[in-house]
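Please examine the structure below together with its sequence. The explanation after it is meant for a reader who has not seen this structure before.

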Amino acid sequence: MTSYVTTSDGAEIFYKDWGPKDAQPIMFHHGWPLSSDDWDGQMLFFLANGFRVVAHDRRGHGRSSQIGTGHDMDHYAADAAAVVEHLDLRNAVHIGHSTGGGEVARYVAQHGLPAGRVAKAVLVSSVPPIMLKTDRYPGGLPMEVFDGFRNGLAANRAQFYRDVAAGPFYGFNRPGATVSEGVIGNWWRQGMIGSALAHHAGIKAFSETDQTDDLKAITVPTLVLQGDDDQIVPYKNAAELQAELLPNATLKIYPGFGHGMLTINPEVLNPDLLAFIRS
């Protein structure tokens, strides 16, 4: 089943809802500049394991409407909440990758926990507490990195997306890497379906939003996963800090794995996710 929910400010959010409606729901939150399709491997795996699986396209991404406003973490979280409330998801596990991890942190802290709807959370290669180098987090990346993203997107989005997918996102630029043209093409396809404006504005959202307070507020068990060869989100300023700030965290760092490990290492990641959810 696929459908849409309309938010209070008029965005139409596309979502998928598969599996038994009485099963425990797992909701997946995708990274920039992708769509819910990035979770195909996990959704099929958890569906086969008896769960209800839900994923949505962030506003301006994938098949959601190309609304011109609201491209910030508050709206991302509120849009996720609109999907949750529309489907009345309870006892849910929320799994976020990269920017989606920021969305999960804000959703769980400000919507899901207060409403009593969340059982557990998972942050995979995620952006909190903040990607940008600040006085509070001197290990972050300089603004020039994100300006480079904005400039590359504005100058030639199609080529920029091809270069990101073929290079650092999956670690395909590493010596000896097994490169998948299908994976590169699917990343590019997902990115190009979305709105250039939403993706451009989203860079600020994923890099400059300080989510320290969100992490501190998440009291449910939270699994934090990241590869130590993540070339997009440096793990020492992400997963390691998340585990320190979260009240109830389990941290696992994968040697040699890159940012897109969910897609190219599912035989390792999926069983670890399942074990945490069933624990």
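The paragraphs below treat a pair of packed helices and then several salt bridges.

This is a predicted model, in which local features need pLDDT of at least 70 and side-chain atom pairs count only at pLDDT 80 or more, while totals for chains, interfaces and linings use all residues. Residues are numbered from 1 along each chain as its sequence is written, and side-chain values use heavy atoms, with hydrogens and water left out.

Two packed helices are described by the angle between their axes and the distance between the axes. Helix H1 (residues 40-48) packs against helix H10 (residues 266-278) at an angle of about 50 degrees, the axes being 11 Å apart. Helices here are DSSP runs of H or I with at least four residues, and strands are runs of E with at least two, numbered from the N terminus. Axes are lines fitted to C-alpha atoms, for helices over the stretch in contact, and angles run from 0 to 180 degrees between N-to-C directions. H1 is therefore oblique to H10; angles under 35 degrees count as roughly parallel, over 145 as roughly antiparallel, 65 to 115 as roughly perpendicular and the rest as oblique.

A salt bridge is a side-chain nitrogen of Lys or Arg within 4 Å of a carboxyl oxygen of Asp or Glu. The whole structure holds 21 salt bridges. One of them joins Asp 79 to Arg 59 at 2.6 Å, N to O. This pair links distant parts of the chain, with Asp 79 in helix H2 (residues 73-87) and Arg 59 in the loop between strand S4 (52-56) and H2, 20 residues apart.
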